[in-house]
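Hi,

Here's the structure I said I'd pass on. Have a look at it first, and then read my notes below.

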Amino acid sequence: MTKYRIGLGWDSHRLVEGKPLVLGGVTIDAPVGLDGHSDADVLAHAVTDAILGAAGLGDIGMHFPDTDPQWKDADSLQFLAHAEKLACDAGFRVVNIDSTVILQNVKLAAYRDAIRNKVAEVLKMHHENISVKFKTAEGVGPVGEGKSAESQAVVLLQSKY
Ligand code: MG
């Protein structure tokens, strides 16, 4: 088996009033939140897809279809934990994660450590191996206009055998 595998994840959700803004399992104090079937945690979804992708195990929609009432308002950290378990069962461990959240108008830097610690806890990793970066879209496009948020993630898996 190949010793190392990398995976790429991307996600986007609409920003609306009246919904919580949850990023990496941490609730952010903001006037708008992310809309979706689950809790719409755009960062958790990107990292989940990156893990699944690196392990060659499909994508988040395959494992947690948004047509399934079971996942209505679901805590997306359970998707992340499940993806890690699938990758582990397939013979991999997560080496490190790098991620970016792109969101206009909400200051996120103060939440960085909390998000890294939360993701580390779910994935049973050291927080030093989890990077979370924040960017705006410079006011351009749907993200820049505050209509949506996006996240990107890359993950490195190492074969356990
Ligand atoms: Mg999503």
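In which sense do strand S1 and strand S7 pair, and over how many bridges? They run antiparallel, with eleven bridges between S1 (residues 4–16) and S7 (residues 148–159). If you want a spot to start looking, Ile6 stands opposite Leu156 in S7. One thing to keep in mind throughout: this is a predicted model.

Those two strands belong to an open sheet of five, ordered S4-S1-S7-S5-S6, and the pairing in it is mixed. At the edges you'll find strand S4 (33–35) and strand S6 (130–135), each of which pairs on one side only. From one strand to the next, the twist averages 30 degrees.

Now for the helix. H1 covers residues 42–55, so to speak 14 residues, and spans 20 Å from its first C-alpha to its last, close to the 20 Å expected at 1.5 Å a residue. H1 lies across S1, S4, S5 (92–102), S6 and S7, and runs at about 155 degrees to S1. Of its 14 residues, 13 are buried, so H1 is largely enclosed by the rest of the structure. Just after H1 comes Gly56, which has a positive phi of about 70 degrees.

There's also a metal site. A magnesium ion is coordinated by Asp11 (OD), His13 (NE2) and His45 (ND1), at 2.2 Å. Along the sequence these donors follow the spacing D-x1-H-x31-H. Are Asp11 and His13 buried or exposed? Asp11 counts as buried because its relative accessibility is 15%, and His13 counts as buried at 13%.

Finally, the salt bridges: the structure holds six. Here are some of them:

- Asp35 and Lys19 form one, with their closest N and O atoms 3.5 Å apart. Asp35 sits in strand S4 and Lys19 in the loop between S1 and strand S2 (21–23), so this pair ties together parts that are 16 residues apart in sequence. Asp35 is partly exposed, at 31% relative accessible area, and Lys19 is partly exposed too, at 27%.
- Lys72 and Asp73 meet through their side chains at 3.6 Å, N to O. Lys72 counts as partly exposed at 46% relative accessibility, and Asp73 is partly exposed with 48%.
- Glu145 forms a salt bridge with Lys147, where the closest N and O atoms are 3.1 Å apart.

Over to you!

Note on methods: Residues are numbered from 1 along each chain as its sequence is written. This is a predicted model: local features need pLDDT of at least 70, side-chain atom pairs count only at pLDDT 80 or more; totals for chains, interfaces and linings use all residues. Side-chain values use heavy atoms; hydrogens and water are left out. Donors are N, O and S atoms within 2.8 Å of the metal (3.2 Å for Na, K and Ca); water is not among the atoms, so sites may look incomplete. Buried means under 20% relative accessible area, exposed over 50%, partly exposed in between (1.4 Å probe, protein chains only). Helices (H or I, at least four residues) and strands (E, at least two) are DSSP runs, numbered from the N terminus. The expected span of a helix is 1.5 Å times one less than its number of residues. Two strands pair if DSSP finds at least two bridges between them. Axes are lines fitted to C-alpha atoms, for helices over the stretch in contact, and angles run from 0 to 180 degrees between N-to-C directions. Contact means heavy atoms within 4.5 Å. A salt bridge is a side-chain nitrogen of Lys or Arg within 4 Å of a carboxyl oxygen of Asp or Glu.
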